Amino acid sequence: MKPFLLAMLLGVLTLPALAQRPASGYTLGDVAASFALTNVDNRTISLADYKNQKGVIVVFTSNHCPFSKAYEDRIIALDRKFGPQGFPVIALLSGDASLYEEDSFERMQVRARTKNYTFPYLLDENQTVTKAFGATRTPQVYVLKRSGDRFTVEYIGSVDDSPQDAAGAQRAYVDDAVASLLASRPVVTPLTKAIGCAIKLK
């Protein structure tokens, strides 16, 4: 019985470690594969369309999630600040409209128009891009730096350290990451925990 009990104990102790392992998908330094998805204006937008930019800020978000709504103005501000400097935002919705009607393509169009989005809002209907990146929360951000025709992952995580209150943010993670890349400096905090609604994969 002792070996059995020891095995059980070891199994219990290793469960938390297994739960903390990152989900499959990109990690720092990985090259992101190109993708092409439908924008709210019905145009197809591809990562390859950004070959003249210095990089992109890819944000996985949704219409229904309270955290996404709380971060919405901050994401718009990121695009307005860094888009002209060569790091525009690309927002992707990978939700399931059968679970959340608010995440339908029609509601995406309304949201983008109402909030006057200055960036593409793409529907990842089959969740292929979401799975490739390994995004698990909304919002979750990936900052990609362009080198030639390749986009390399330089940051993964949250927009900042204050999910509910923009005024309470002490660390502006994405802002700091992009500013460092623009100055040809390494990103000081390249990985943070994304706080938000869980993405339910189909």
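**Legends to close-up views of the predicted model**

A search of the whole structure, a predicted model, finds one disulfide.

**View A. The disulfide between C65 and C197.** The two sulfur atoms are 2.2 Å apart. The link of C65 and C197 is right-handed, with 85° about the S-S bond. C65 belongs to the loop between β3 and α2, whereas C197 belongs to strand β9 (residues 197-198), so the pair ties together parts that are 132 residues apart in sequence. C65 has a relative accessibility of 0% and therefore counts as buried. C197 is likewise buried, at a relative accessible area of 16%.

**View B. Helix α2, residues 66-82.** At 1.5 Å a residue, the 17 residues of α2 should span 24 Å, and the end C-alpha atoms of the helix are 25 Å apart, which agrees. A kink of about 45° is centred on E72. E72 is also one of the buried residues of α2, which include S68, Y71, R74, I75 and I76. Further along α2, L78, D79 and F82 are buried as well.

**View C. Aromatic pairs around F133.** Seven aromatic pairs are found in a search of the whole structure. In one of them, the ring centres of F35 and F133 are 6.2 Å apart and the ring planes lie at 70°, so the pair is edge-to-face. F35 is in the loop between α1 (2-20) and β1 (36-39), and F133 is in helix α4 (residues 128-133), so this pair ties together parts that are 98 residues apart in sequence. F35 counts as buried because its relative accessibility is 7%; F133 is buried with a relative accessible area of 1%. F133 also pairs with Y142: the centres of these rings are 5.0 Å apart and the planes are at 80°, so this pair is edge-to-face. Both F133 and Y142 are buried. One aromatic cluster is formed by Y26, F35, F60, F133 and Y142.

**View D. Confidence and residues 1-22.** The average pLDDT of the protein is 89, and 89% of the residues score at least 70. Over residues 1-22, by contrast, the pLDDT is below 50. This stretch has zero contacts in the model beyond near neighbours in sequence. Where pLDDT is low, the predicted coordinates should not be read in detail.

Methods: Residues are numbered from 1 along each chain as its sequence is written. This is a predicted model: local features need pLDDT of at least 70, side-chain atom pairs count only at pLDDT 80 or more; totals for chains, interfaces and linings use all residues. Side-chain values use heavy atoms; hydrogens and water are left out. Helices (H or I, at least four residues) and strands (E, at least two) are DSSP runs, numbered from the N terminus. The expected span of a helix is 1.5 Å times one less than its number of residues. The bend at a residue is the angle between axes fitted to the seven residues ending there and the seven starting there. Buried means under 20% relative accessible area, exposed over 50%, partly exposed in between (1.4 Å probe, protein chains only). pLDDT is the predictor's confidence in each residue, from 0 to 100. Contact means heavy atoms within 4.5 Å. A disulfide is a pair of cysteine sulfur atoms within 2.5 Å. Rings of Phe, Tyr and Trp (its six-membered ring) pair if their centres lie within 6.5 Å; planes under 30 degrees apart count as stacked, over 60 as edge-to-face and the rest as tilted.
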